[in-house]
Amino acid sequence: MRPRRHALPRRSRHPRHGAETRPGPATHSAPGQCEGGAVRPFRFRHTWVVPADTAATFAALADVDAYPRWWPQVRRVRRIDADSGHAYVRSLLPYTLDLVLTREVEDAEAGVLRVRIGGDLEGWSEFRLEPGPGRPTPGRTVTLARYTQEAVVTTGGLERLTPVAAPVLRLNHTWMMRAGERGLAAWLGRPSGTGEPGGSGTVAR
């Protein structure tokens, strides 16, 4: 999916993006039933500490086609068009989720990447990037990549996921995000012209 720049409307900073100088622990909100039987969406928040500058980190996260090369749980990406495609995701649980990702915001200046999620989950996810604390020095440049996801399980994925307890779902997601953080650091730190550091997936176009 080739990058496309979209205008990002001005809005207030997220509370987690304010004066915070050190990344906090991942936070989760488990899904559940609301009044009337509606499903409450689940929410995940993680902060990645990436040993690279913001521009390089943004470019890597914007290149969804390359995710299987460094993110082990993203097994395969199959493009639909320039702005959307299928991502086949499998973490600790013995389920492969078919997620349809559609690019909504890609703003390099603001450091924001946001996609709409369809398929086995329905919702959205985004990365917001900012320079890490402290003054950058050669070999010590750090970017904080703050990830937020909000989604509900769709009918297509409901049968596979409803038997799983919420703590297991949280563990599954946390495992995937930690592996992604390590994989991205290795991908951005690899010598030019070398192969893939840890991913095992494939890209289909």
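Thr148 lies in strand 10, where strands (E, at least two residues) and helices (H or I, at least four) are DSSP runs numbered from the N terminus. With a relative accessible area of 9%, Thr148 is buried, a word that here means under 20% relative accessible area, while exposed means over 50% and partly exposed lies in between (1.4 Å probe, protein chains only). Not counting residues up to four places away in sequence, Thr148 touches Phe44, Arg45, Trp124, Ser125 and Glu126, contact being taken as heavy atoms within 4.5 Å.

The structure described here is a predicted model, in which local features need pLDDT of at least 70 and side-chain atom pairs count only at pLDDT 80 or more, whereas totals for chains, interfaces and linings use all residues. Residues are numbered from 1 along each chain as its sequence is written, and side-chain values use heavy atoms, with hydrogens and water left out.

## The protein as a whole

The protein has four helices and 11 strands, and of its 205 residues 41% count as buried. Among contacts between residues at least 6 apart in sequence, 59% join residues at least 24 apart.

Some pairs that are separated along the chain are set out below by the distance between their C-alpha atoms.

| Pair | Separation in sequence | C-alpha to C-alpha distance |
|---|---|---|
| Thr148 and Thr47 | 101 residues | 8.9 Å |
| Trp187 and Trp71 | 116 residues | 9.2 Å |
| Ala110 and Glu130 | 20 residues | 8.7 Å |
| Val74 and Ser91 | 17 residues | 8.3 Å |

Of the residues in these pairs, Trp187 is placed in helix 4 and counts as buried because its relative accessibility is 13%. Val74 belongs to strand 5, which covers residues 74-81, and its relative accessibility of 3% makes Val74 buried as well. Ala110, by contrast, sits in the loop between strand 7 and strand 8 and counts as partly exposed, at 39% relative accessibility.

At the start of the helix, a side-chain oxygen of Asp53 comes to within 3.2 Å of the backbone nitrogen of Ala55.

Leu61 also belongs to the largest nonpolar core, which has 33 residues and in which Trp48, Leu61, Trp70 and Trp71 have the most contacts; such a core is a set of buried Ala, Val, Leu, Ile, Met, Phe, Trp, Tyr and Cys residues joined through side-chain atoms within 4.5 Å. When residues up to four places away in sequence are set aside, Leu61 touches Trp48, Tyr67, Trp70, Leu113, Phe127, Leu129, Ala145 and Leu184.

## The cavities

The structure holds two cavities of 30 Å³ or more, a cavity being a set of points, on a 1 Å grid over the protein atoms alone, where a 1.4 Å probe fits but cannot get out, and its lining being the residues with an atom within 4 Å of a point. The largest cavity contains about 660 Å³ of space, a volume taken as the space filled by probe spheres set on the points, which are joined across faces, edges and corners. This cavity is lined by 37 residues, of which Val89, Leu99, Tyr147, Gln149 and Met176 are the closest to its centre.

Two or more lining residues come from each of strand 4 (42-50), strand 6 (84-89), strand 7 (97-107), strand 8 (112-119), strand 9 (121-131), strand 10 (143-153) and helix 4 (166-189). Strand 7 gives the largest share, six residues. By class, the lining has 27 nonpolar, five polar and five charged residues, where Ala, Val, Leu, Ile, Met, Phe, Trp, Tyr, Cys and Pro count as nonpolar, Asp, Glu, Lys and Arg as charged, and the others, Gly among them, as polar.

## Two buried residues with polar contacts

His173 has its place in helix 4 and counts as buried because its relative accessibility is 10%. The side chain of His173 makes a polar contact of 3.1 Å with the side chain of His46, a polar contact being a pair of N or O atoms within 3.5 Å, of which, within protein, one must be able to donate a hydrogen and the other to accept it, and residues adjacent in sequence count only if both atoms are side-chain atoms. Leaving aside neighbours within four places in sequence, His173 is in contact with Phe44, His46, Tyr147 and Gln149.

Arg103 lies in strand 7 and is buried, with a relative accessible area of 9%. Its side chain makes a polar contact of 2.5 Å with the side chain of Glu106.

Methods:
1 Å grid on protein atoms, 1.4 Å probe; cavity = no way out; pocket = protein on both sides within 12 Å on 5 of 7 lines; lining within 4 Å.
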